[in-house]
Each structure stands twice: as C-alpha cells, then as structure tokens.
Amino acid sequence: MAKLKSRIAVEPFAHFDLPTHHLSISTLSLSQSTLYVGTRNGSLLLLSLNPTPTPTPNPPPIESVSLASLSRNVSLLRTVSVSGSPVESIFVLSEIGAVLVLSDGFLFITDSLLIHPVKKLGGLKGVSVIARRFRGTHSQSTDLTDNTSNSSKGQRILDKFGGVRTNGVKSKDLEQNREGNYVFALVIGKKLMLIELVLSSDLANASFVILREMQCFDGVKSMVWLDDSIIVGTINGYSLFSCVTGQSGVIFSLPDLSRPPLLKLLWRNWEVLLLVDNVGVIVDALGQPVGGSLVFRKGGPDSIGDLSSYVVVVRDGKMDLYHKKSGNCIQTLTFGVEGVGQCIVADEENRSGEFAAVATPTKVICYRKVPSEEQIKDLLRKKNFNEAISLVEELGYEGELSKEVLSLFHAQVGFLLLFDLHFKEAVDHFLQSETMQPSEVFPFIMRDPNRWSLLVPRNRYWGLHPPPVPLEDVVDDGLLAIQRAIFLRKAGVETVVDERFLSNPPTRAELLESAIKNIIRYLEVSRQKDLTLAVKEGVDTLLMYLYRALNYVDDMEKLASSENYCIVLCKASNNACMSKMLNNDLLLRTDSFMLKEADLG
C-alpha cells in the first residue's frame, strides 16, 4: 500500500446514531441536502443535513471535534417501511422528486419526502442486482428509448392494437412522459433485463417498459452501466455486456479465494473501478484499463465511494482516501472500532461531488471535502512543503486552482522556505510567482525605514510567515530554532525541523552566503521585468551592494558599465560611481552586508 500522508482532504460535519442495526446507506443528494438510509428490517430513513454550519474563525482540529457538535448538523425527518427484508439499493431521482428502492427482490417507489405510500412495481420479481444507466458528458452512446429502433417485435404488434404496453401503459402517454433519465439494468436469475421507468407527477401510476432482455450469468454480485456497456461482477470475474448488441466478453478473471466482486462508477472521468482482491483496477466504458491501479489495505474494502479526485474505501471502522492519479493514500480516518461490522460509504452521484457518508451498523457520519486552499494552508503550517507542492501540482493539472491562487501559493511557500533557511528553494518559488513584487525582498536586505520602504507592498498572502526581517536575523533565528530542536530531540520531544539541519547543522557564514547568493539570483531576474523607476533604483542599488558583500567584483563592474539605476553618493558617470564603491566611499560592513539609510546619502 502507498505510504500514508498527513493531508486533511475531508472533515466530518454531521453524525447520527440510529436505533436500528445493520444499516445500508445509499446515496446523498446535494441539491436537497438529504441522505437516505436503508435498514436490515426494510425501513427507509430520510435525514436532513446541514453541510454548511456556521463557520468559526479558528476551527478546532478534527481530532477535537465532538460528536455532540456534529449531531446538530443532521436530523431525522421521516421513516417509512418498505418491506420486511433488507433494503439493498436506493436510487434518488431528484429530477422528479422520487426514490426507487430494491428490497426483497422487488422494486418500490415513493416520493423524495417519504410522505406518500410506498408503491411496489408489479411485474418484476426476484431482482438481485440493479444499476442505473449513466451516460458520459461527451458520450455518443445509443438512445435505447428511441421507439423506432429499440421496440421489440412483440411490442410493435401491440402498437397496432391500440398502443398498449404489456404493463398497461399506452405508448402515446409514455412518449409524453419519457425523459430518458430513468433507464436501469437489473438481474433476475440468469437474465439481464433493461427497463425504463415511466414516471409522472403521480407516482401511483409509475410503471416500466422492458427495453431488452439478455442471457447473463448466475451469481451476479455487482453491476455498473456506463454508456453502452454494462459491467457485471461474479465470483468468477468481471464481464462486459453491450446493451446494443447483447454480446459479452470477459474483462478480468478473479483468483480463487479472492474477495467478492465490487464495482464503482467514478463520476469525474466517467470510469469504472473493479476490485480484484485488494487492488482497484480502473477501466473506461469499454473495459480497457486506464492509468495505474490502486492498492488498498490488506483484506480489501467493504465499500467504495467517489469524492472529487479521490477514491474512498471503508473497512473495519476506517476510511481511507486514495488519490486516483498517484495512487497514494492521502488520509485515513477512524469512525468505528475494529470489528464493528460491515461498513458502507455513499457519495453524491455527480462529477463535482463534495460530500460522502459512511455507516457502521449503528451510526452514520457525513464528511465534506476541505477546500483546496485550506488543504494547502494546513500542509504549509505543518511545514510539509513537499506534500503541499505535490498537492498544488495535482490541483493545477486538474484545473482546480486559478492562476491567481497558484501565483499566491508560490510566493507564500517561498517566504516560508526562506524563514526555514531553504534559500534556493525559496527563490525558485519566488520566480514562479506573478503576484510577488521585487520590492518585497527589500526588507530582507535593508532595514526599515529607508528610501524604498513605501514601495514594499504589505502582502501577507495567507498570513503563514512572519513579517520580513533582515537576512541576518532570519539566519540567527533559524539557527536558534535548530539548536532548540536538537535539545528537544534529546529530551524525546518531536519537533518540526529539517532532518538535514539536525544531523549536520550549518554554520552562520554558510547560511548567510547562501541567502545572499539566492537573493542576488532573484534580483538579477527581476531586472528584466517591467518595473517602475523607483523599484528599478532599489533593485539595482541593492544588487550592487550584495555583489559587494560577496566581493563579486566582475559582476559589480558589469552592472556599473551597463545601463543601470543605482543610487549612489555621486551623480557622475557609472565608472566614477563604481570607483567610489570599490574605494569604499559607500561604507559596507564586511561582517554583515546590511545597509543603512545613511549609506545611500
């Protein structure tokens, strides 16, 4: 399994204890902020969620969040009895305010508020598995509800005798109500049946139309329908059926003694995850593998969910989040004790899902995705710079970060790295930021107040770093922090500090030289930018002094002999000004390169 990370990608926001054991969670509906829960005794519960509770200025860590506070964000609205057997599947048809339920081999339908009586759809018995059809955003999949191309021969004969379907619905009425959004595949014995629900405002008149029947396998445990492909999972492996031709083929064969098959539709890229023991294999609508595999904890998951860029898996009271692209497990949360029983996860059935719910037999906990910026800030506060950079790269690749936020991030992480004595890496990030201004490094070179103090923008970015101070102070404070960390480590206290500094502490001279060299590098690049005259003067003048601090005579001469904006005591030619510098007419401390306003005349 990939190494566990310290990222906080999701946080709990609601908790609900249920009096009924052995629950079966189905789905979330963001538009209505509701969660439907099916139980082993055949009941259907409707929970109302408050996904956006009043924010607090300084939210507490996840570990300290109390169940009592989470319980205030969820309430039980209504409970209805569907049957005397476990509720196996729930589909929320939010477009028309209906809920479809599979229980005891029958399909039941009711309104989304559970106000009206539950109706059993007649004509269907012994349904073991059901899956709703989903069509990708740019899918060219076949419209099975096209009456001219998909009606059976028998149905066309019935049309000649008044247009009555076998379930008693007239074809004219059906065409008026057909939306094409309620097509399902279901397994009855060894038969794979494709049906369309015929729904109107009066759910009491709900019925269905059989679109196609195909021979299937015995023992189907899981099923997903994406575009024209129906993928089914049995104890022997995974097979793909074409809903157009009825032909089938094997995708994967499962090894002996492996975990039961499990399929999950991944909404973001319209892909399907197939569980092979404890490995998640991602395939496209044609059953072809795409990208790498996800290696889960030993034993494999009980249930799988989809949340933005992550695959959510649950088992033994733990929830793991895996990044789909990297395969890394980026967060693990505990919501129940080990051996708690079957765990279930449900997600929103849309590509921009932000919420997920997990359940043990006795409780439900809802989680929401932490905003990307907050995830980045949390990592930076913990000084997990590499992971923060990795997260930003992921978000940038997926188009989730704006150009402005990306630029702000590079400036922020640059300042944090600078105060952490990583000067090269700091300047690398400064150079990638379009937000940062060259004058923002002036306070690291010249103490305030000075002639350029008013040019320095008071950008605090995310407010994660201290105010700028001279590089000498940065180095001294950093060395003091290293010494303190070494002492604490010897006392058995963990500290956040670079391990390289602990094993081989750098000297003050080494750090100061590195700081000056890299600030020089930044100012040299900044000279090529379109700057105001005052900023140009500051960049060139301070660059000249930094050259002098390191005795870079050649660079001093090169800058002096070229067009520059250095501010010096004399107004003569550049060569004359250079001569004065080399003769130390502008006093510069050799043990410290910091400039004073008096040095500039």
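Author: The chain exposes about 27900 Å², and carbon and sulfur atoms supply 51% of that area; accessible areas come from the Shrake-Rupley method with a 1.4 Å probe, and for residues only the protein chains shown count as cover. This is a predicted model, in which local features need pLDDT of at least 70 and side-chain atom pairs count only at pLDDT 80 or more, while totals for chains, interfaces and linings use all residues. Residues are numbered from 1 along each chain as its sequence is written, and side-chain values use heavy atoms, with hydrogens and water left out.

Of the 601 residues in the chain, 53% are buried (under 20% relative accessible area, with exposed meaning over 50% and partly exposed in between, using a 1.4 Å probe and protein chains only). The chain has 14 helices and 28 strands; these are DSSP runs numbered from the N terminus, helices being H or I with at least four residues and strands E with at least two.

Four strands make an open, antiparallel sheet in the order 22-23-24-25, where two strands pair if DSSP finds at least two bridges between them. At its edges are strand 22 (303–307) and strand 25 (329–334), each pairing on one side only. On average, neighbouring strands of this sheet are turned by 20° against each other, direction ignored; the axes behind such angles are lines fitted to C-alpha atoms, for helices over the stretch in contact, and angles run from 0 to 180 degrees between N-to-C directions. Strand 23 (residues 310–315) and strand 24 (residues 318–323) run antiparallel and are joined by six bridges. Val311 stands opposite Tyr322 in strand 24.

Next, the cores. A nonpolar core is a set of buried Ala, Val, Leu, Ile, Met, Phe, Trp, Tyr and Cys residues joined through side-chain atoms within 4.5 Å. In the largest one, with 82 residues, Met319, Leu380 and Leu523 touch the most other members. Helix 7 (residues 403–419) gives this core its largest share, nine residues. Apart from this core lies another, of 30 residues, among them Phe134, Leu262, Leu273 and Ile304. Back in the largest core, Leu380 is in contact (heavy atoms within 4.5 Å) with residues including Phe385, Phe409, Leu416 and Trp462, leaving aside its neighbours within four places in sequence.

One last point concerns cysteines: the structure holds zero disulfides (pairs of cysteine sulfur atoms within 2.5 Å). Cys329 counts as buried because its relative accessibility is 0%.
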